[in-house]
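Please open the model in a viewer and keep the sequence panel in view. The stops below are given in the order in which they may be selected.

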Amino acid sequence: MNVYDKNSPEYLGNGHYKIEGHEFMSIWAFKTKHGIQPNNHKANGTEGKELGAKTKSFHHSKPDFGSFDNVFIYHLNELEKYYGI
């Protein structure tokens with residue numbers, strides 16, 4: 001299992017990667033970009049579990065900061081569908 005981080009060539013920004021031509025983002029990064037609230041550990045964890053049950057299109061990344069060793073990053077299309085964007 002690859003764990004992407006800020007030193008990966010796929011890195012576009014914190015929680016945002018381009019992997020094999022496809023964009024992937026963490027829920028935090030996606031919600032920050034689109035101004036979606038609440039954007040906190042509790043809400044994002046719940047939503048991540050729901051999204052993870054619906055898709056197999058995800059990877060792991062190490063956040064640039066914070067207390068998590070790694071988080072899921074989801075295909076941009078899956079995030080847009082889930083959040084209605």
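Residues are numbered from 1 along each chain as its sequence is written, and the model is a predicted one, in which local features need pLDDT of at least 70, side-chain atom pairs count only at pLDDT 80 or more, and totals for chains, interfaces and linings use all residues. Side-chain values use heavy atoms, with hydrogens and water left out.

**The whole chain**

Begin with the C-alpha trace, which spans about 30 × 25 × 25 Å along its principal axes. The radius of gyration (taken over C-alpha atoms; the globule rule is 2.2 Å times the number of residues to the power 0.38) is 12 Å, in agreement with the value near 12 Å for a compact globule of 85 residues. Of the 85 residues, 38% are buried; buried means under 20% relative accessible area, exposed over 50%, and partly exposed in between, with a 1.4 Å probe and protein chains only.

Next, colour by secondary structure. The chain has 3 helices and 6 strands, where helices (H or I, at least four residues) and strands (E, at least two) are DSSP runs numbered from the N terminus. Along the sequence the pattern reads β-β-β-β-α-α-β-β-α.

**The sheet**

Select the strands. The 6 strands form an open sheet with mixed pairing, in the order β1-β5-β6-β4-β3-β2; two strands pair if DSSP finds at least two bridges between them. At the edges stand β1 and β2 (11-13), each with a single partner strand, so one side of each has no neighbour in the sheet.

**The cores**

Show side chains for Met25, Ile27, Ala29, Phe30, Ile36, Leu51, Tyr74, Leu76, Leu79 and Tyr83, the 10 residues of the largest nonpolar core. Such a core is a set of buried Ala, Val, Leu, Ile, Met, Phe, Trp, Tyr and Cys residues joined through side-chain atoms within 4.5 Å. Two or more residues of this core come from each of α1 (27-34) and α3 (76-83). Another core, of 5 residues, lies apart from it and includes Tyr4, Tyr17, Ile19 and Ile73.

Return to Ala29 and display its surroundings. Leaving aside neighbours within four places in sequence, Ala29 is in contact (heavy atoms within 4.5 Å) with Asn14 and Gly15.

**The aromatic rings**

How many aromatic pairs does the structure hold? There are 8 aromatic pairs. Rings of Phe, Tyr and Trp (its six-membered ring) pair if their centres lie within 6.5 Å; planes under 30 degrees apart count as stacked, over 60 as edge-to-face and the rest as tilted.

Select Tyr4 and Tyr17, a tilted pair at 5.9 Å centre to centre with 50° between the planes. This pair links distant parts of the chain, since Tyr4 is in strand β1 (residues 3-4) and Tyr17 in strand β3 (residues 16-19), 13 residues apart. Both Tyr4 and Tyr17 are buried.

Finally, select Phe58 and Phe72, an edge-to-face pair with 5.1 Å centre to centre and 90° between the planes. Phe58 lies in strand β5 (residues 58-61) and Phe72 in strand β6 (residues 71-75), so the pair ties together parts 14 residues apart in sequence. Phe58 is partly exposed at 29% relative accessibility, and Phe72 is partly exposed with a relative accessible area of 39%.
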